[in-house]
Amino acid sequence: MSAMIRLSRVSKLYRTENHRKVVLDDVTYSFDTRYTYGIFGSNGAGKSTLLRLIGGTELPNSGQIFRDLRISWPLGFGGGFHPLMTGRENLKFVSRIYGANLRRVIDFVEYFSELGNYLDMPVSTYSSGMQARLAFGLSMAIDFDCYLVDEITAVGDARFGLRCRQAFEEKRGRSSMIMVSHDIGTIKAYCDRGLVLYRGKLVAFGHIDDAIEFYRKNL
Amino acid sequence: MEATPVTEPMRRLGASPLAINAAAIGAILLRDIKLRAGPYYTGFLMILLLPLAHLLIVVIVFHIFGRLAPQGTDQVVYFGLSILPFVIYTYLSRQIVISLAENRPLLYFNRVKIFDILLARVILEATGSVVVFIIFVCVLAVYSTDFSPRDWPGIVFAVAATIYFGFSFGVPNALIAHVLPVWYMFFNFTIPVFWLASGIVFLPTAIQDPYDRWLALNPLLQCVEWIRYAYYEDYPDKLLNIPYLITFATACLAVSLIAERLARRVLLSK
C-alpha cells in the first residue's frame, strides 16, 4: 500500500491590518506518493504556504494533515544555514537532524554543488547561486520519501542544471515529489499529475496537461 | 561526468519520535556550541568565564566596600553563596529567552520543534552552570578562612533547583517573546528586580512581617535561602519553602507546555 499525504478539510488564512487572505478554503485531498505532483497558481495564491503546510513547518487554521512518510523541507531552501558557519558545518548540522550519514552527505554535496574550497568558507561569503547549489545539493543528498520543491529556478550553469535533472530522475523511481513552480516546462518534465491552487481551492487533474490548460485559462 | 547515484536505502524504517527529538536536540546543541565558541573550541571557555567573572567581581566589590556578613564569619563565603543562585538564574534564563529568536530559521526544518531548541539551550547552559558552581566552590575552598558546609547534598540540590527554576521561568518568557519581541525588554527589567528582591543584599529573615512572607513568594529568594540554610549550622529556615519553589517551577513548565501546544500555529507562523 502506498504512503499518503492527506489533507482533510484544511483551511489556512492570513490576517493583516486591512486584509484577510484565504490561502486554502476547506481543502480535502490525498497525495498518492506513487506519483509526482506539480502545483500551479498565480503569484500570491499560496503555493509556498501549501508546501509548508504539507511539510509541517506551518499549521493550518483548521482541518488536519496526515503524513505517514519522511517529507523533506522545501527543496532549495537555504534559510536555515547560519551565515557564520561554513558550508560543511551547515551540512553536518542538517545531516544530524535528519539522521543521515555525514560522510555520504558531504561526499555527495562536494561532488554535486562543485563548491570546492568554498565548502570550508562561511556561507556569508557565498553568492546567492552558491547558496542555492549548497542547499539543493543537501536536499538531494538526504533520502526522503517525498520531496517538496519550491520554485526551483535555474541555479548554476548548464552542467549543474543537468545534474539536477539527473538527481531528480534518480529519485523518481524511489521517491515522490510535490513541485511548485511558474515554469511549466520544468513541472511538465517531472510531474505526472497537476493541481491548480485557485481561489483557495485545490483543483486536481489526472494529467499534467489538463492542469496546465486550466492554469493558463485562469491566469 | 555522470551523476553519482545516491545509495541510501529505498524506504528506511521510521525512527521513533524520541530518537528524532534526540537527534534534533543533539544537532542544535552542537551547533550552539560551535557558534558560541567561534572558530576555536577554547572559545567555549567564555560561556563559563562570563558568569564566573560576574560572580567574582560582585563578591570583590562587596569585599572592598567592607560589607559585613549577617551570618557566619566569612563575608566572601556569605556573599558568594548568596550571589551564586542569582548569577546561575540570570545567565541561564536569559539564554533560554533569546534561544528562539537566535534559532528561528531552524523551525523551517520540519524535524526541529520549538522545545528542541529550548532543551538544547538548557543542556548547554545547565552544564555551564554546574561547571561554574564547581569552580566557584573550589575558589571558596581555597581562599576562604573557614569553608565548611553543613549539608553538601543540600547545596547541590539548591543549585539544581536554581537551574530548574531558571529553565522553567525562561521557557514561558521565551514563548511570549517569540510572539511579542518587546517582551525581551520587559524580561531584562525583571533581572535587577530579582537582584533586589532575592535577599542577596539584605537578610530576608530580618524583614518584618508581613513583608517577609511576600518576599518569600519570590522563587529566587527561596533558592538563595536554601543554599544558605544548607551551608550554615544555625541559619533560620523560617522563610524557606522548598515545595513552593519546585511547584512554582513545575507550574511554569506545565503552563508553557500547554501554551506551546495551543499556540503552536501562531508560534510557527512567526
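**A helix pair in chain A**

Modeller: In this predicted model, helix α3 (residues 102-113) of chain A packs with helix α4 (residues 128-141) of chain A at an angle of about 135°, their axes lying 9 Å apart. Since angles over 145 degrees would count as roughly antiparallel and those from 65 to 115 as roughly perpendicular, α3(A) is therefore oblique to α4(A). The crossing of the two helices, α3(A) and α4(A), is right-handed. On the side of α3(A), the contact is made by A:Val105, A:Phe108, A:Val109, A:Phe112 and A:Ser113, while α4(A) brings A:Arg133, A:Leu134, A:Gly137, A:Leu138, A:Met140 and A:Ala141. Sorted by class, the residues in this contact of α3(A) with α4(A) are eight nonpolar, two polar and one charged.

As for the setting, the contact between the chains takes 32 residues from chain A and 28 residues from chain B. On the side of chain B that touches chain A, α1 (17-37) and α10 (264-269) of chain B each supply at least two residues, and α1(B) gives the largest share, seven residues. That side of chain B comprises 16 nonpolar, four polar and eight charged residues.

On confidence, the predictor assigns the complex an ipTM of 0.87 and a pTM of 0.89. Chain B has a mean pLDDT of 89, with 94% of its residues reaching 70 or more, but over residues 1-12 of chain B pLDDT stays under 50, and for that stretch the model has 16 contacts beyond four places in sequence.

Notes:
Residues numbered from 1 in each chain as written. Chains lettered and ligands numbered in written order. Predicted model: local features only at pLDDT ≥ 70, side-chain atom pairs only at ≥ 80, totals over all residues. Axes fitted to C-alpha atoms, helices over the stretch in contact; angles between N-to-C directions. Helix = DSSP H or I, 4+ residues; strand = E, 2+ residues; numbered from the N terminus. Parallel < 35°, antiparallel > 145°, perpendicular 65-115°, else oblique. Left-handed = near helix turned anticlockwise from the far one by under 90°. Contact = placed C-beta atoms within 7 Å. Nonpolar A, V, L, I, M, F, W, Y, C, P; charged D, E, K, R; others polar. pLDDT = per-residue confidence, 0-100.
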